[in-house]
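Here is a structure to explore by question and answer.

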Protein chains: 2
Amino acid sequence: MSEDHADRSRILRERDYRWEGAEDAAYKAEGTHFSGVRRQTLAGGPAGQEALGFETRYFQVEPGGYTSLERHQHAHVVIIVRGHAEVILDQRVASARPLDCLYIAPWTWHQLHAVDADEPLGFLCSVDRDRDRPERPDADALTRLCADPAVARRIRT
Amino acid sequence: MSEDHADRSRILRERDYRWEGAEDAAYKAEGTHFSGVRRQTLAGGPAGQEALGFETRYFQVEPGGYTSLERHQHAHVVIIVRGHAEVILDQRVASARPLDCLYIAPWTWHQLHAVDADEPLGFLCSVDRDRDRPERPDADALTRLCADPAVARRIRT
């Protein structure tokens, strides 16, 4: 069986937080609820990697930028590799730095902010290949989240 | 639904390549076919993270050490985070450095070596939660692998 698969192994080489051979993609196709984000899919997305039940992506958020505030059934595993983050996890704000590992449980409202003045936030994010689409907060959800002053100060929609 | 799950989100904080709250485990329960390896499961293993279809582990190999030479049906995603590696991928040897991303395809013979004199090799490795057990090479497989002189020099069994 070896010969069928062996040549599909590959190494994506990183240089300045870009991986050659992994296509750059816009973070989301549309929307104004995020800022300064780019992404690359490192594993699980490319043709020939269907054996994986998950995908690993790299996201980079420019200083002052943030990801979309959302929640969903599927869980996230996030490992910071560059810069510092403040992360909204439902009604709290936590800080995270390189190599910290976040497990974002199903249905947790979450948003990652790049808080360094001169260094982007870069993180790896792995997710199940089959997953639901994110849900955005309505006015009631925002009111509940903003009950915490630290969340209210940090949140961007 | 949010309230059921929200408190399960967590941050594992890293310090000197150890994550507090993630148990240290021996690399394998037994065997002499690897050397100087420790591991921690960062995500997908802990109770309450069954929502994930995969696991993310950290492996650290001391200078001169190596992982077990093996192959299996399931694929690996490896991202180096510390030190330098030489990696056997079937009949070739490749080098890898921090943030390089390896996709190890099904049934690829593989072994990771820590090649720095004074720095361990540390890498993240993600795998499907449901996976087969590794297979070790027999004499015929070793002969085929060692047909390449670079592999023959590097391989440890």
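**Chain by chain, then the pair**

Student: What share of the residues of chain A counts as buried?
Tutor: This is a predicted model. A residue counts as buried if 20 or more other C-beta atoms lie within 10 Å of its own. Of the 157 residues of chain A, the share that counts as buried is 39%.

Student: Among contacts in chain A between residues at least 6 apart in sequence, what share joins residues at least 24 apart?
Tutor: Residues are in contact if their C-beta atoms lie within 7 Å. Among the contacts in chain A between residues at least 6 apart, the share that joins residues at least 24 apart is 64%.

Student: How many bridges join β5(A) to β6(A)?
Tutor: These two strands run antiparallel. One bridge partner of A:Ser35 is A:Tyr66 in β6(A). The bridges that join β5(A) to β6(A) number 7.

Student: In β5(A), which residue is the bridge partner of A:Ala26?
Tutor: Strand β4 of chain A, residues 24-26, is joined to β5(A) by 3 bridges. The two run antiparallel. In β5(A), the partner of A:Ala26 is A:Arg38.

Student: Which element gives the most to the side of chain A that touches chain B?
Tutor: In the pair, 42 residues of chain A are in contact with 42 residues of chain B. Elements of chain A that give two or more residues to this side include α1 (2-5), β5 (35-43) and β12 (121-128). The side divides into 26 nonpolar, 8 polar and 8 charged residues. The element that gives the most, with 4 residues, is β10(A).

Student: In β1(B), what is the bridge partner of A:Cys101?
Tutor: Strand β1 of chain B covers residues 10-12. It runs antiparallel to β10(A), and 3 bridges join them. The partner of A:Cys101 in β1(B) is B:Leu12.

Student: What rotation superposes chain A on chain B?
Tutor: The shift along the axis is 0.0 Å, and the RMSD is 0.0 Å. The two copies are thus related as by a two-fold rotation axis. Also, 100% of the interface residues of chain A are interface residues in chain B, so the copies meet through the same surface. The rotation is 180°.

Student: How many residues has the largest nonpolar core?
Tutor: Residues with the most contacts inside this core include A:Cys101, B:Cys101 and B:Ile80. Leaving aside neighbours within four places in sequence, B:Ile80 is in contact with residues including B:Ala85, B:Pro98 and B:Phe123. The size of the core is 78 residues.

Note on methods
Residues are numbered from 1 along each chain as its sequence is written. Chains are lettered from A and ligands numbered from 1 in the order in which they are written. This is a predicted model: local features need pLDDT of at least 70, side-chain atom pairs count only at pLDDT 80 or more; totals for chains, interfaces and linings use all residues. Two residues are in contact if their C-beta atoms, placed from the backbone, lie within 7 Å. Ala, Val, Leu, Ile, Met, Phe, Trp, Tyr, Cys and Pro count as nonpolar, Asp, Glu, Lys and Arg as charged, and the others, Gly among them, as polar. Two strands pair if DSSP finds at least two bridges between them. Copies are superposed by least squares on the C-alpha atoms of residues with pLDDT of at least 70 in both. A nonpolar core is a set of buried Ala, Val, Leu, Ile, Met, Phe, Trp, Tyr and Cys residues joined through C-beta atoms within 7 Å. A residue is buried if 20 or more other C-beta atoms lie within 10 Å of its own, exposed if 12 or fewer, and partly exposed in between; C-beta atoms are placed from the backbone.
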